[in-house]
Amino acid sequence: MPGLDYFSTETPASPAPTTFSTETSSSTAPAIGVYYNARLDPKNYLEGPLSTNPATRLRQMLARPGIVVAPGICDGISARCALEAGFNCMYQSGAATTASRLGQPDLAIATMNDFVESAQMVCSLDPTVPVIADADTGFGGPANVARTVTQYARAGVAGLHIEDQVQTKRCGHLMGKQVVSREEFLTRIRAAVIARDSIPGGSDFVIIGRTDSAQVLGMEEAITRLKLAADAGADVCFIEGVKTEELLRSTVAALAPKPVLVNVISGGLTPSFTTQEAETMGAKIIIFSLVSCVAMVHAVRAAMQSLKKTGTDFTSAEGMDPKSFFEVMGLNEVIELDSKAGGSAFEVV
């Protein structure tokens, strides 16, 4: 079903719930040329219980007080651990997913299908918990970007971010990045927004515009690109590689009232802000992209070295037997479901 033409400057023939504003008389009306969808106005998400729909829930979390903390996950084990720890949002990191699924660095090697298949599994573990997913450059031109949004939404993802790097992209915290023109970046954002607004029934899927231009063209250009992305319909702004507290504060101020996402990677370009510090600086979302996969490298490396040296995994197991491990993976929930359905296969495990 085609989406409404949010980018037209003509008045629609019949009333529509969302419009592209041409009015300037009201102090609260959006400016001319700025995307506006009345249904997605943040004020609509301020009250009421949290939705079981993950995209709607993410919008509620963005509209209400408090910073959204999303630890980076890379597979089912890390996602289970994040849920066990009590996190109410997760981030499917492109770098972490590429490493986990392919054993490769974050150099545009993973495909959309790799990310979607991972997202389907992660989102199924607790379908009410919002998952924000990396979508790299959108994997091609406008049609590819639109397909990416559709596939991510079908997988249960609550929102994604699209960036302005060239197709042969790399991790945002590596050197040597190249970015596309403003116009191409905005084409990606518009394609994502149009695809979201074309989902039948009215989707709350969140579009996050990310720029990597700060390290290439400077902070002024990065801010300009994000302002334009917001005007094109991005719900959240993500500036990669903010190097100081002052720059994060100034970014938040320049983009207000749009929510700002900050990405913290230990040893990366951005200082290791705590969630409390980032909230004080005005950030609305903080992601820790590599928290799980870096911890896994340390833990698995130590376990393998210990096994090689001692000939046993007794030390690295730390007393966790198979049943205890499977309990982290949802064993008790599966047993309960089987029992409620009248099954008896798992009466004893």
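Predicted model: local features only at pLDDT ≥ 70, side-chain atom pairs only at ≥ 80, totals over all residues.

Trainee: Which residues make the nonpolar surface patch?

Mentor: Ile77, Met320, Phe325 and Phe326. Together they make a patch of about 350 Å².

Trainee: Where does Ile77 sit?

Mentor: In helix H2, which covers residues 76-84.

Trainee: And why does Ile77 count as partly exposed?

Mentor: Because its relative accessibility is 38%. Partly exposed runs between the 20% limit for buried and the 50% limit for exposed.

Trainee: OK, going inside. How many cavities of 30 Å³ or more turn up?

Mentor: One, from a search of the whole structure.

Trainee: What volume does the largest cavity have?

Mentor: About 100 Å³.

Trainee: How many residues line it, and which lie nearest its centre?

Mentor: The lining has 17 residues. Nearest the centre are Ala95, Asp106, Arg210, Asn263 and Ser289.

Trainee: New topic. Which strand holds Ile208?

Mentor: Strand E7, residues 206-211.

Trainee: Is Ile208 buried or exposed?

Mentor: Buried, because its relative accessibility is 0%. The cut-off for buried is under 20%.

Trainee: How far apart are the C-alpha atoms of Ile208 and Lys309?

Mentor: They are separated by 47 Å. Along the chain, Ile208 and Lys309 are 101 residues apart.

Conventions:
Residues numbered from 1 in each chain as written. Heavy atoms only, no water. Patch = residues over 30% accessible without salt bridge, like charges linked within 9 Å, V, L, I, M, F, W, Y side chains within 5 Å. Areas by Shrake-Rupley, 256 points an atom, 1.4 Å probe, with all protein chains shown as cover. Salt bridge = Lys/Arg side-chain N within 4 Å of Asp/Glu carboxyl O. Helix = DSSP H or I, 4+ residues; strand = E, 2+ residues; numbered from the N terminus. Buried < 20%, exposed > 50% of the residue type's maximum accessible area, 1.4 Å probe, protein only. 1 Å grid on protein atoms, 1.4 Å probe; cavity = no way out; pocket = protein on both sides within 12 Å on 5 of 7 lines; lining within 4 Å. Points joined across faces, edges and corners; volume = space filled by probe spheres on them.
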